[in-house]
Structures are given as structure tokens and as C-alpha cells.
Amino acid sequence: MATIAFELDGRTVEVPDLGTNLLVALREQLGVRSVKDGCSPQGQCGCCTVLVDGAPRVACVTPVRRIAGRSVRTVDGLDSDVRDGWAEAFCANGASQCGFCTPGIIVRLEGLRAKRGDRVDDVAVERALAAHLCRCTGWQTIVEAALDLPERSGERDLRAADRRATIEGGIPQRVEPDVALGRAGFADDTAPADALVALPDADGGWVVAESLHEAQEAASKVQGRRTTLPISWPIDVPAGEWAATLRTTWVEPGYLEPDASWCEPGGTPAPPLANGGAFGAKVDSEVGAVARRLADEHGRAVRVLLPREATVRRGPKRPPVAGGIRADGSGQLRVARTPGISAAIATVAPQLDVVEVDVAGPPTSLALRAAGWAEAMVLGSALTPAGPVEVADPGGGRAVAEIVEGRIRVEVSCGDVLDEVVVRSYVIGAAHQALGWVTSEALTVDDEGEVHDLTIRSFGIVRPADLWPVDVVIDDTDRGEPVRASDAAFVAVAAALWRVGGCPPSLPTELELP
């Protein structure tokens, strides 16, 4: 078989010419795990960005044949002082949380710095980040890291930061500079090199093959596309005389690392959550159980991977709602049938009559960020006086949000702060999600329940240049037990944005807020 030779991080390498893309060559044939697969081969998330002859290139849409004789540099191949400097800046500024997207971002920013030198400013950084998706941080801290703002630097207790990140993310997390370099221990990065690879097939089963390339060919993957169908709202607002109404559509959580696990025969599956909580969307992921079953069946280690399209089709969503509220706070909220959802709503809005209805569509889950109670509190905010919106999380966190001259201001109280950088990062990320949820995020699902929007850019997630600046004030006077801040911030910001837009009856509003 013919081979293709190129320079990788300063050394000459050769790979078999299988007609694949550069991402497959790097991860599967050469074992480079810092280059991540978030959407392959959509070319829309930026997680696999490398430098080709010094210019940023998305590896998943670059045929490896075009790289013959050229130079490829990953984040691992940057000069050690440059690489470590970026890692320190990202950690100091809270610019990485799970660390899945940041290796590609660092590579692109280093390419920008090498090209423009001292002429790099926030506008140039935001323009460069348009090729990427970061769902955790909300971009602002990444821009700050790129500009290396000094006020975010200084000595920190990183073990306290770990604890705060674990509280915010809902699973054990680690805060270290190397996390930004993609070294947080993601499930697929730790799989044995000789493991079989399993991908979902078109019939609801699994294709198992010796390599990812062979599994992809056998699975006959259909490339995801953005539909031309309009979004719809699956639940009707109940009839009644209401002071305000609200209905929501389907929304994709949009976490960057697609579900992945691996397992040895008789072993314990690698957790798909790794260093990221996926905003609750991976709590019940199927991949671990499938990895264990297939490993036992084949008598070998098996990697189980969901391509981006499969995560969108199979992954859980926020339960859509439609409801109305009266001036006295009573009303009705109709919600897609979801275990535990009625009780969650009752904790914050006991006066609302919750009616669960069957809706054709992807699975729903209570585990997603503030599912159910967020919608109830946003609807209830229509009855509160003008000005800042205050939200109390059932878990103990509190947030006050207001929109002032195109800026989002959030004040949070979360017990013992532990680490201000982590709190600030998670609150800004939550504000970013709230802005998208209220104004632009939606997933097209037809009347039969089939998802049609399958690409990263079809989800409506706010791009870096469109994010409103977020100012975070942290109440450090409460030395009580540390509790989560980001969920209360998400709800408070969403309610504040909805009210600024005039409490429109549908989310996303598709309105340009003042």
C-alpha cells in the first residue's frame, strides 16, 4: 500500500494512504490525542485545528494526501515555552473548563500571534475564534487569556479550584494548566491502541471493526446537514386568561466531546463524562454499557463512539414547555413527559399546575442544566417589578442579573467561593448559554420526532463576536457550605434577557435585544 510522508511536530512520519482525512491520520494512525474529534467531518467546531506550514487548518476536512511533504504542527509541537505560556494563561483566566476544545483554539491563536505579533487585539481574537466552538466558557475568558489580562493572574490554590469546578460541573474535575492542552483524560484518549471500534449503524445496532476507518465504511454514515425546515414549538400554550405566556422549542446541549467509552472484557467502562459535565446531558449515556457488552461479546477491548450526528439524534434535550401565568402567580405549565420534572418545577413554582404531555421527539432529561425550573422561573419573572432579576437555586445558590447598556451584570452568592477564577468562568459560561437559549438556539424536529438539524452551526449557539460582555460580582462574605453558582446565574440572566425583550411568548425570541 502506498504511504504518505509529512513532517509532524518536527519529525518525519508516514501513514498508509487510505483516502482518509488528516484527523484520522493523526489520531488513529499516529496516536496524537491532543487533536480532538468534535464534529468530524463537518469542519465546524475547530477542535482538530493544526498548523499546516504555519497556517491554521481544520484537520477533519483536510485530505491527508494534500499534506504530503508539508509541515504539520499540533499543540504538542509548539515550542515548550510557548505551549506552557498558553496553558498558564488559559488556566489563570479560567479560559478552559473541560479542556476539549482548547488545544485547537490555542493552535489557532498561536498562528494568529505568529502572524500579527503585537497587532493582536480583541477584534482579531474574536474573528479567529469564529472557526471554533467552546460551550463551557462563553468565550470572554478565552479572549482575556489571548490578551493575557494581568488581573486574572496570580497564585491560586488549585485543589480548591478543583473542588469548585467539581461543584459547578457536577462531576469530579481538575484545574491545571495542562487541561487546556487537552490532557484531562477524555475517554477516547485513553483507549488501548488495539481496541476494536464500535459505531452506531442505521438500524439501531452497532458496527464493530478493527479500526475507525473500517467502522465508518461499514456504518455507511450519512453526513449531517442543516435543514431548511422551520423550527416548531411542540406544545401548545393552554387556553386561559394569562398575564404572560411562554413556550420553548427543542434545544441541543451542544457539548463538544461526543459520547465515547471503552472497556476491557469483564472490566469497568471508561466514563464518558471525563473532565466535563456536559451540562447533565451525559448522565445516562448508553456508551459505557454498550462498551462493556461488546467487549464481553468479542473478548477484546472495544471503543464505542457516537459521531456528532448520533449525539444529536440520541442525546437528551431540555423538556419543551408551554404555559401561562396569572397576575397572582397561579397558572399552568405543560411540559414534555420527563421523569421527575413535575417535582422539580414544584420546588420553585408551587402555584403552577404542571401537566406532562407526550411529545414526539428526542429523549428529554431532568439532568440538563436547571431543566423545568428554569422555564418556570423565567415565566414567573414577568410578574416581578422592573429591574434586576433575583433567582434562588433549589440547591442553595443565588444570582441577581440585569442588563445595562448592552452588558450583562451578574452577582452570585454560592457559599464558600473556594476559587474566584472558576466561579467567574462558570458564571460567564452560564450567561452565554442563557443568551443563546433566549435569543437564537433551536433544534428543528419534525412532527414524527425526527431531528433534522445535525451540524454544529445549525444549533444557533452565540458566536464570540456576538456575546454581550458579562460582568461578574461574587459575594465572598458567605462562608457557608459551597454550592453551585452557575445554574442560578443561567436562570437569572435568561429571565433578565427575556424581560428586556418584552417577555415574548416564544423562545428563541429571534429578536435583536436592545
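Biologist: Before we start, what should I keep in mind about the model?
Modeller: It is a predicted model, where local features need pLDDT of at least 70 and side-chain atom pairs count only at pLDDT 80 or more, while totals for chains, interfaces and linings use all residues. Residues are numbered from 1 along each chain as its sequence is written, and side-chain values use heavy atoms, with hydrogens and water left out.

Biologist: Thanks! In what order do the strands of the 5-stranded open sheet run?
Modeller: The order is β13-β12-β11-β8-β18, with mixed pairing. Strands here are DSSP runs of E, at least two residues, and helices are runs of H or I, at least four, numbered from the N terminus. Two strands pair if DSSP finds at least two bridges between them.

Biologist: And which are the edge strands there?
Modeller: β13 (352-357) and β18 (506-507), each pairing on one side only.

Biologist: How do β8 and β11 pair, parallel or antiparallel?
Modeller: Antiparallel, over 4 bridges, with β8 at residues 244-248 and β11 at 321-325. R247 has A322 in β11 as its bridge partner.

Biologist: Which helix lies across β8, β11, β12 and β13?
Modeller: That's α11 (residues 373-380), running at about 150 degrees to β8. Axes are lines fitted to C-alpha atoms, for helices over the stretch in contact, and angles run from 0 to 180 degrees between N-to-C directions.

Biologist: Now the 4-stranded open sheet: what's its order?
Modeller: β7-β6-β10-β9, again with mixed pairing. Its edge strands are β7 (206-209) and β9 (260-263). β6 (residues 196-200) and β7 run antiparallel, joined by 4 bridges, and V197 stands opposite A209 in β7.

Biologist: Changing topic, where is T74?
Modeller: In the loop between β5 (71-73) and α2 (80-93).

Biologist: Buried or exposed?
Modeller: T74 is buried, at 0% relative accessible area. Buried means under 20%, exposed over 50%, and partly exposed in between, using a 1.4 Å probe and protein chains only. Leaving aside neighbours within four places in sequence, its contacts (heavy atoms within 4.5 Å) include L8, D9 and V107.

Biologist: Last one: how many disulfides does the structure hold?
Modeller: It holds 0 disulfides, a disulfide being a pair of cysteine sulfur atoms within 2.5 Å. For C45, the nearest cysteine sulfur is that of C47, 3.6 Å away. C101 is in no disulfide either, with the sulfur of C134 the nearest at 3.6 Å.

Biologist: Is C101 buried or exposed?
Modeller: C101 counts as buried, at 5% relative accessibility, and C45 is buried too, at 2%.
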